[in-house]
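Please open the structure in a viewer and keep the selection panel at hand.

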Amino acid sequence: MFQLASGRTRVTLGALAIGTLIATASLGVVRAAHVSPLTGHVYGCSSGKVCLEGDSSGSPNGVEGISADTNGVLGVTNSSIGSSGVAGIANNTSGYSYGVYGSSANGEGIYGGSTAAHGVYGTSSARGAAGVYGVNTAACCGWGVYGKATNGPGVYGVNNATGSRVNPGVYGTSSQGSGVEGQGPTNNTGVLGISETGPGIAGVSGSGTAVTASAGLGGNLFVGEGQEGGECVMDAMGNLTCTGTIQGGKAARTRHRTSSGRHVLAYASESATATIEDVGTARMAGGVANVQIDPGFASVMDRKWYYVFLTPLGDTRGLYVSLKTAGAFEVRETEHGRSSLDFDYRIVAHPLDAKDDRLPDAPPLRLHGAVRPPPG
């Protein structure tokens, strides 16, 4: 049986109904032409509320379409004023329901394609909700949202909110894997974040939902891995560990806390070549001192060369290094002096695994293959 609805009037069409049906309702006259092609039924109308309506007051589906070889339900519109081929609306203000729901056993649950605009477009005005939200419950190796492009960003997100709060254009969360993961081909960027006034990319680790989440709550803030085996890891405490060389600007600075609790920045020393240093205090007796180099420091320095600088802590004719070996050095007083006194020493060596180069040329700092999205 088919039911044709107009306003509050319901007209039942039997299986043998043929011809033209005219139903009068509060919205006017609805004219539905009933024709019977070889493969189904077509209802045409030019006014009123709907041409064909399915109304369910219980658990059955309002309208159901089933097909063995093509679309179960097909919606087409030629409108140029923003109408949809298929529109799904959930009106209930309590509980939870979907405007449009798609499920598939062997393909995409919902697939969108376009030759002129977005393939899938989602918008939300609810606080804390997403315009597009994806969930994957597989035991391994799935994505909540997956984007792929041949000449641009695979996933591109924009947030136009104002204020001091962090409002990401793209937000990803995972209980076991990566919150956001990006992969780019040769000479291209896996993940690119751009912001006019806030962070280009913000990472949060732990159970907190704000960027100010307490440190030490869980996993790493950032993990980067290269195909050649290099990696960089920033843990929840903000500690950065990299297997390669870390390059920066004109000067490296470190943050320290004073005895009064004030934070200050200190500049790191610079050298024309890679160096490693150690300091200590030793004592000379009768004008001679044999100083053993700390075994841990000796194991990481290049023993072919190192420098020793001396500072006497008392009156003396002068001190000099008379002998250097791989694990020790000898200090004597000048002019055959026989003083007994303490002295400070500073050892500057070359790291065992560092390159023996001086002031190497720095490669240009750039984002390989990064594509800045168009405005808007």
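In which loop is Glu335 found? Glu335 is found in the loop between strand 15 and strand 16; strands here are DSSP runs (E, at least two residues) and helices likewise (H or I, at least four), numbered from the N terminus. This is a predicted model, in which local features need pLDDT of at least 70 and side-chain atom pairs count only at pLDDT 80 or more, while totals for chains, interfaces and linings use all residues. Residues are numbered from 1 along each chain as its sequence is written, and side-chain values use heavy atoms, with hydrogens and water left out.

**The loop**

Select Glu335, which has a positive phi of about 55° although it is not a glycine. Glu335 counts as exposed because its relative accessibility is 60% (buried means under 20% relative accessible area, exposed over 50%, partly exposed in between, with a 1.4 Å probe and protein chains only). Next select His336, found in the loop between strand 15 and strand 16. The phi of His336 is also positive, near 60°, in a residue other than glycine. His336 is exposed, with a relative accessible area of 78%.

**Strand 15**

Select Glu333, which is found in strand 15. Is Glu333 buried or exposed? Glu333 is buried, because its relative accessible area is 3%. Not counting residues up to four places away in sequence, Glu333 touches several residues, including Met284, Thr316, Tyr320 and Arg338 (contact means heavy atoms within 4.5 Å).

Now show strand 14 (residues 319-324) together with strand 15: the two pair in the antiparallel sense over five bridges (two strands pair if DSSP finds at least two bridges between them). They form a hairpin with three residues between them. In strand 15, Phe329 is the bridge partner of Lys324.

In soluble globular proteins, nonpolar side chains tend to be buried together.

**Salt bridges**

How many salt bridges does a search of the whole structure find? It finds four, each a side-chain nitrogen of Lys or Arg within 4 Å of a carboxyl oxygen of Asp or Glu.

- Select Glu277 and Arg346, whose side chains meet at 3.1 Å, N to O. Glu277 in strand 11 and Arg346 in strand 16 are 69 residues apart.
- Select Arg283 and Asp342, with their closest N and O atoms 3.0 Å apart.
- Select Lys304 and Asp302, joined at 3.0 Å, N to O. Lys304 is exposed, with a relative accessible area of 70%, whereas Asp302 is buried at 9%.

**The last stop**

Select Val180, which lies in the loop between strand 5 (42-44) and strand 6 (222-225). Val180 counts as partly exposed because its relative accessibility is 47%.
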